Amino acid sequence: MSNTSSTEPQPSYVKLAMRNMVRKGGTSLKHFALTGVGLLALLVGLAYLTH
């Protein structure tokens, strides 16, 4: 096992994250959507407060 990992290039973190997203499916998409909604709400709230 250690010989193959030393000769082959290490998979990038992006590839590992994409593979993990595909494996987990719906939960990661739900978390991604919640993060997007949270960031959007934060930006709208800051824009409202600083206007």
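**View 1. The end of helix 2 and G25.** G25, with a positive phi near 70 degrees, comes directly after helix 2 (helices, H or I of at least four residues, and strands, E of at least two, are DSSP runs numbered from the N terminus). This is a predicted model, in which local features need pLDDT of at least 70, side-chain atom pairs count only at pLDDT 80 or more, and totals for chains, interfaces and linings use all residues. Residues are numbered from 1 along each chain as its sequence is written, and side-chain values use heavy atoms, without hydrogens and water.

**View 2. Helix 2 along its length.** Helix 2 lies largely in the open, because zero of its twelve residues are buried (under 20% relative accessible area, 1.4 Å probe, protein chains only).

**View 3. The nonpolar surface patch.** V14, M18, M21 and L29 together form this patch, with about 400 Å² of accessible area (Shrake-Rupley method, 1.4 Å probe). Patch residues have over 30% relative accessible area and no salt bridge, and nonpolar side chains are joined within 5 Å; a salt bridge puts a side-chain nitrogen of Lys or Arg within 4 Å of a carboxyl oxygen of Asp or Glu. Helix 2 (residues 13–24) gives the most, with three residues; M18 lies in helix 2.

**View 4. Helices 1 and 3.** Mean pLDDT (the predictor's confidence in each residue, from 0 to 100) is lowest in helix 1 (residues 2–7), at 50, and highest in helix 3 (residues 26–50), at 91. Where pLDDT is low, predicted coordinates should not be read in detail.

Methods
Patches are made of residues with over 30% relative accessible area and no salt bridge: like charges are joined within 9 Å, nonpolar side chains (Val, Leu, Ile, Met, Phe, Trp, Tyr) within 5 Å. Buried means under 20% relative accessible area, exposed over 50%, partly exposed in between (1.4 Å probe, protein chains only).
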